[in-house]
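Trainee: Before we start, could we go through this model term by term, so that each label is set against its definition?

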Amino acid sequence: MQFPAKPRTAPSQFAVYRLTNGEWLPKDGKFLVWEADQLYLGARYPANFSEESFDNKDQRTKEKIAAADLMFATSPAPISKSSDPIHLTLQRITWRIQVRIADFKSEIPTGSKVADVKFITTDNKNRLQEWLPYTENDGGKGSQYTALLTAFKKMKISLTVNGKAMEAWLDIDTPAGRGEAGKIYTFNLTVGKDKLEVGEVNV
């Protein structure tokens with residue numbers, strides 16, 4: 001986690017903190033230093049996040065999906081100089097999308113598995129983005145595919161079964177309203193010969 005300070009009267013500074021035994025400690029012992037009586041403080045995860053270079057589309061490993069879990073925190077008002085602990089609450093800005101292969105229909109050969117799973121999203125300008133999810137299990141019944149997505153307009157899943165490509169739209173709108181960042185949305189997917197059937201979304 002990167003913990004930058006934005007003082008009113010001094011240049012910005014930052015330090016990288018790591019969670020060690022339940023406590024956030026600065027990497028390499030570099031602490032933030034009070035450069036003014038009041039500071040605007042903020043934090044972000046991952047520490048190396050950059051809007052210009054950040055690319056979290058490939059999440060196929062535990063390390064990659066952990067690094068895709070974007071979180072930010074800012075103090076709404078300047079914080080006065082003090083020796084007391086400072087508390088900031090990180091807010092997730094990603095949607096956690098999980099697709100579970102609930103079943104294969106009887107017309108699918110026994111032992112079939114899905115492959116080449118991707119999540120495809122569009123933004124307000126209808127630009128396409130492909131996301132490679134983290135996979136649990138081997139593509140058979142009960143397998144789950146998870147990705148942390150940033151803002152999008154529409155979303156679908158793309159996969160192959162026995163060499164045949166199929167797609168299905170995933171809708172995170174619920175009776176409670178539009179989906180929200182920071183929540184988990186789980187879809188149960190049934191694989192048929194000619195189409196994918198999407199069950200109700202669980203939040």
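Trainee: Where does Asn162 lie?

Mentor: Asn162 lies in the loop between β13 and β14, where strands (E, at least two residues) and helices (H or I, at least four) are DSSP runs numbered from the N terminus. This is a predicted model, in which local features need pLDDT of at least 70 and side-chain atom pairs count only at pLDDT 80 or more, while totals for chains, interfaces and linings use all residues. Residues are numbered from 1 along each chain as its sequence is written, and side-chain values use heavy atoms, with hydrogens and water left out.

Trainee: Why is Asn162 called exposed?

Mentor: Its relative accessible area is 53%, and exposed means over 50%, buried under 20% and partly exposed in between, with a 1.4 Å probe and protein chains only; Asn162 therefore counts as exposed. Asn162 also has a positive phi of about 50° although it is not a glycine. Most residues other than glycine have a negative phi.

Trainee: What makes Asn137 exposed?

Mentor: The relative accessibility of Asn137 is 53%, so it counts as exposed. Asn137 sits in the loop between β11 and β12 and has a positive phi of about 90°, again without being a glycine.

Trainee: Which peptide bond is cis?

Mentor: The bond from Tyr45 to Pro46 is cis, with omega near 0°, and Pro46 belongs to the loop between β4 (38–45) and α1 (62–67).

Trainee: How do you know that β8 and β15 pair, and in which sense?

Mentor: Two strands pair if DSSP finds at least two bridges between them. Strand β8 (residues 95–104) and strand β15 (residues 184–191) have 8 bridges in the parallel sense, and Arg100 has Asn188 as its bridge partner in β15. By contrast, β8 and β12 run antiparallel and are joined by 6 bridges, with Leu148 in β12 as the bridge partner of Arg96.

Trainee: What makes the sheet open, and why do β11 and β16 count as its edges?

Mentor: The 5 strands form an open sheet in the order β11-β12-β8-β15-β16, with mixed pairing. β11 (134–136) and β16 (196–198) stand at the edges because each has a single partner strand, so that one side of each is left without a neighbour in the sheet. For β11, the pairing with β12 is antiparallel over 3 bridges, and Gln144 in β12 is the bridge partner of Glu136.

Trainee: What makes β12 mostly covered?

Mentor: In β12, 6 of its 6 residues are buried. Gln144, Thr146 and Leu148 point one way from the strand and Tyr145, Ala147 and Leu149 the other way, and all are buried.

Trainee: Why is Lys156 called buried?

Mentor: Lys156 has a relative accessible area of 16%, so it is counted as buried. Lys156 is found in strand β13 (residues 154–161), and its side chain is joined to that of Glu167 by a polar contact of 3.0 Å. A polar contact is a pair of N or O atoms within 3.5 Å; within protein, one must be able to donate a hydrogen and the other to accept it, and residues adjacent in sequence count only if both atoms are side-chain atoms.

Trainee: Is Ala181 buried, exposed or partly exposed?

Mentor: Ala181 has 31% relative accessibility and so counts as partly exposed. Ala181 lies in the loop between β14 (164–169) and β15, and, not counting residues up to four places away in sequence, it touches Arg92, Ile93, Thr94 and Trp95, contact meaning heavy atoms within 4.5 Å.

Trainee: What makes a group of residues a nonpolar core?

Mentor: A nonpolar core is a set of buried Ala, Val, Leu, Ile, Met, Phe, Trp, Tyr and Cys residues joined through side-chain atoms within 4.5 Å. The largest has 27 residues, and those with the most contacts inside it are Ile97, Val114 and Ile157. β8 gives the most to this core, with 5 residues.

Trainee: Where is confidence lowest in the protein chain?

Mentor: Confidence, given as pLDDT from 0 to 100 for each residue, is lowest in strand β1 (residues 2–7), at a mean of 53, and highest in β11, at 97. Over residues 7–11, pLDDT stays under 50. Where pLDDT is low, the predicted coordinates should not be read in detail. The mean for the protein chain is 86, and 90% of its residues reach 70 or more.

Methods. pLDDT is the predictor's confidence in each residue, from 0 to 100.
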